[in-house]
Structure formats: structure tokens, C-alpha cells
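Here are my notes on this one, written for someone new to reading structures. Have the model open while you go through the points.

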Amino acid sequence: MSDVTAESTPRQRLPTPSPSLSQQQFRGRQPPPPGSDPLALGVVIFIAVCFLLVSISAPSSILHQVPEGHVGVYWRGGALLKTITTPGYHLKLPFITQFEPIQVTLQTDQVVNRLNKDFVYETLLNYGVHYDKTWIYDKIHHEINQFCSAHSLQQVYIDMFDQIDETMKEAIQRDCTRYAPGIEIISVRVTKPNIPVSIRRNFELMEEERTKALIAIERQKVAEKEAETQKKIALSEAEKNALVSKILMQQMLTEKDSSKRQQQIDNEMFLARERALADANYYRITKEAEANKLKLTPEYLELRFIESIANNTKIFFGEKIPNIIMDQRLIRNHLDSVPSKDQLEI
């Protein structure tokens, strides 16, 4: 019975150890909500900013910028793409697509040139990014060597130096037009070649002499110009004086002509007046003659004789004057008309 009792009696469990204080605190705390840890948030923001900066600045980034005056060209797997982008921000596949900005405005270095935007793909496809080295810089060295080999040092350094820039421009542009039509050569600037000091000094002296000669020529031209100007001034003054003399002469002739016409008018008036007077006198004399003709009667003649005798202041009478023959009748008639003898002088 004791065994049954013992079997029926439940087995007592061993006491479990009580949890420690730290375990109780750990079990009592709740897990923190997402984003509540500031350290983790800072790490995430830092990683995002770094990724953004790398994506913008790295050559293989997604976002890239094409500067003003350039176009963007792209290669994928080493093959040039036909995509050409304008200035601004653009996207591409990182590590797969390569990007390169190509300048399409004026490049103002030793050779001022410009790549036409419409020929960017064709030019880069044929000659690569460094197309200017092939068709401009290497070419200009070749053309300068050709020019120097065909001319003397005197021609290169002095006589024809001012023509080298234009010659180089035409030579480079001719080949570019034929093989790389998108390249436009604006101008070429070539400096003086480097020569030994002694030779350079000789050329400088020659250049000084040439400058002096040019100055003398210019002075001569100035003197000739001044002489020509003085000559023109003298001619102008002479022409002015001649014109003034001509005007004065014309004025004098006009005055003389006016005076002549006035004299002619006066003469004509005088002749007309004299003619009128002559005609009047002639008319008067004619009329008087006609009147006298009518008056020449014996009685009138006798009257005129008596009047003429009467005008004599002295009359002599006597026996010793036989030469005077008088008509006694006339004397008598005249004596009858005399008042008295006292009025006569004997």
C-alpha cells in the first residue's frame, strides 16, 4: 500500500531558478520602432548623399551635364552612338555608356576653328575625339614645314611673313573641306620662327632699315600729298580769281553795253531832235522863201532900198560928189520921212 500510496502521490517538481535583474529588464522593454534610431538615420542619409554625388561627378555616373557651347556624344561598348545631346543635364547607363562633351563653338588657340554641329557624328566616327590634332595641329606643322622649305629665310622671316597666316588657313581649310567637311578654319596665328641670335640681329637691322625706308617713302608720299594739296589750293584760288575776273569783266561789259545802248538812244534822240529842228528850219526857210518870193514886188524892193539907205549914218551932199547916183525920187521920199535936219549928221 505504501507503494501505491507512493505511486499515487504526485512527484514534486524541482524549483526553477529566478531570472536575474538584467533579464527581467530586457524582457520588459519593447523593440524600438523603425526610424527612431538617429544614428541609423544619419548613416542612411550619408550613404544617399554620397551616392548622389558619385552619380553626378563620376565619369560613369547616371546624371551628367553638357556645358554650354558643347554637345554630348556617347559610346556604348566602344561603339559611337548617333545620339547627340544639347547643353544641360542628361541621363545615361552607368558603367555601360561613356560620355564626352565636344566643343562646337570657336576654339581660340593657335588655330581658331569650329566644328559644325551637324557633322559631329561623322567627324568623330572617322577621326575620333582628337580630330583637331589630326586635321589642324599636325597639319599646320606639316604646312609650315612645306612653306619654309619652298622659301628662303629672308622671305619667311621678313618679306612674306605677313602672308603665312592666310596661306596656312587656305591650306588647312582646303584639306578639311575635302576630308573633314565639318571643320571650319576661321584664322591661323603663326609667330616668328626661332633663328640664331646673330642671324636674328641681322634681320632686325634689315627690318629697321626697311622700316626707315618705308617711313621715308611715307614721308615722301605725305610731302607729295601736301604739294598736291597746295597745288589744288593754288588752282582753286586761281580758278576763283579767274571766275571773279570773268564776273567783273562780264559786269563791265554789261555796263558798257548798257552805256552804249543808252548812248545810241541819246544819239537817236538827238538826231531825231536835230532832224526835227532841221525839218522845221527848212520848212521855215522854205516858207520864208515862198513868202519873200511873193513879196519881191517893185514896191517892196523900193521899200527895202529906202530902209537900207536910211540905215546909213552919214549922207554927203554937194557939187563935187558926182560919183554917187541916187534916185531923186527915193531921196525925196526919204527926206520927207525925216523929221528935221538937226537929227542928221552932215
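1. Helices (H or I, at least four residues) and strands (E, at least two) are DSSP runs, numbered from the N terminus. By that count, the protein has 10 helices and 8 strands. Before you go on, keep in mind that this is a predicted model, where local features need pLDDT of at least 70, side-chain atom pairs count only at pLDDT 80 or more, and totals for chains, interfaces and linings use all residues. Residues are numbered from 1 along each chain as its sequence is written, and side-chain values use heavy atoms, with hydrogens and water left out.

2. Now the overall picture. Buried means under 20% relative accessible area, exposed over 50%, and partly exposed in between (1.4 Å probe, protein chains only). Of the protein's 346 residues, 17% count as buried. Contact here means heavy atoms within 4.5 Å. Among contacts with a separation of 6 or more, 63% come from residues 24 or more positions apart.

3. Next, look at α5 (residues 131–150) and α7 (residues 161–179). Their axes come within 10 Å and cross at roughly 130 degrees; axes are lines fitted to C-alpha atoms, for helices over the stretch in contact, and angles run from 0 to 180 degrees between N-to-C directions. That makes α5 oblique to α7, because angles under 35 degrees count as roughly parallel, over 145 as roughly antiparallel, 65 to 115 as roughly perpendicular and the rest as oblique. On the α5 side, the residues making the contact include Trp 135, Ile 140 and Phe 147, and on the α7 side they include Ile 164, Ile 172 and Tyr 179.

4. Glu 143 is also part of that contact. Is Glu 143 buried or exposed? It counts as buried, because its relative accessibility is 13%. Leaving out residues up to four places away in sequence, Glu 143 touches Met 168, Ala 171 and Asp 175.

5. Thr 123 sits in helix α4 (residues 120–127) and is buried, with a relative accessible area of 3%. Its side chain reaches the backbone oxygen of Phe 119 at 2.7 Å. Not counting residues up to four places away in sequence, Thr 123 touches Leu 115, Gly 128, Tyr 131 and Gly 182.

6. Finally, check Phe 95, in the loop between β4 (88–91) and β5 (97–103). Phe 95 has a positive phi of about 65 degrees although it is not a glycine. At 69% relative accessibility, Phe 95 counts as exposed.

How values were computed:
A polar contact is a pair of N or O atoms within 3.5 Å; within protein, one must be able to donate a hydrogen and the other to accept it, and residues adjacent in sequence count only if both atoms are side-chain atoms.
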